[in-house]
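I opened my notebook to record what I looked up in this structure, one entry at a time.

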Amino acid sequence: MCNDKSELIGSPQRRQFLKTAGVFGAALATGGVSALSSATAQEPPIPKNDIGGDEALKRLVEGNKRYTNGDITPADFSSTRAALAGGQNPFAAILGCSDSRVAPELAFDTGRGDLFVVRVAGNVVTQEGIASLEYCVEVLGTELIMVLGHDKCGAVKAAISSVQSGNQFPGHIQNLVELLKPPVQKGLAEKGNVLVNAIKANVEWGVQGLQQASPILDKRFKAGTLKIVGGIYDLDSGAVKLVG
Ligand SMILES: [Zn+2]
């Protein structure tokens, strides 16, 4: 397993830290993974972020404990400014809700360059979101993705309302609601609070969706070089509870 892992770009042993986005674009255009392996490599901008999925999850959990305890790390822009100007190697990726009260960088007490964050209302999985995460995993070498929902989510509430009453939302909002309908229907079929059920089901739906996202994320997940987990942020306490 270790030998197999060492052959994969993105593993700690062979991470490639690309100097420019232009290199990424050129690499994908000329053959994807094999092309990426020949790109210019450099030292990881933040050496402590060069960790696997299990260690990354541990760091998120510990950071969230500091956050809820009010023991957050003071921001230090100057210490990483020069290193991060030349590249990035976030230790975790987050697919979270756009809700202004749920800021992953704060909730996990992380600094610049630590998290690669995709945010969209209802933390739904979209093609563009998958593409962003593919970049993070394939090019930046990140080995952990967390789908982060939260309690009292307005997007999930809207989807429940749409399913129950059949009402349509204006503008593009209905597109979002449609993406949330499958987990909402699962939540409706379960016993207990519908909103609580649907929020949990939506996180699980997102985790499963990313685990099966072909051809990049699913391959890494199956190979054991990518961990994909779910979490739910509690607005009152700030605590993130792992799901599944
Ligand atoms: Zn939300």
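At what angle do the axes of helix 8 and helix 9 cross? I first noted that this is a predicted model, where local features need pLDDT of at least 70 and side-chain atom pairs count only at pLDDT 80 or more, while totals for chains, interfaces and linings use all residues. Residues are numbered from 1 along each chain as its sequence is written.

I found that the axes of helix 8 (residues 154-165) and helix 9 (residues 173-189) cross at roughly 75° and come within 8 Å. Axes are lines fitted to C-alpha atoms, for helices over the stretch in contact, and angles run from 0 to 180 degrees between N-to-C directions. Helices (H or I, at least four residues) and strands (E, at least two) are DSSP runs, numbered from the N terminus. The two helices, helix 8 and helix 9, are therefore roughly perpendicular, a label for angles of 65 to 115 degrees. On the helix 8 side I listed A155, V156, A158, A159, I160, S162 and V163, and on the helix 9 side L176, V177, L180, K181, V184, Q185 and L188.

I then followed V156, which touches G122, L180, V184, L195, A198, I199 and N202, leaving out residues up to four places away in sequence; contact means C-beta atoms, placed from the backbone, within 7 Å.

Turning to the sheet, I saw five strands in the order 2-1-3-4-5, forming an open sheet with mixed pairing, where two strands pair if DSSP finds at least two bridges between them. Strand 3 (residues 144-150) and strand 4 (residues 227-233) run parallel and are joined by seven bridges, and V147 stands opposite G230 in strand 4.

Terms used:
Angles under 35 degrees count as roughly parallel, over 145 as roughly antiparallel, 65 to 115 as roughly perpendicular and the rest as oblique. Two residues are in contact if their C-beta atoms, placed from the backbone, lie within 7 Å.
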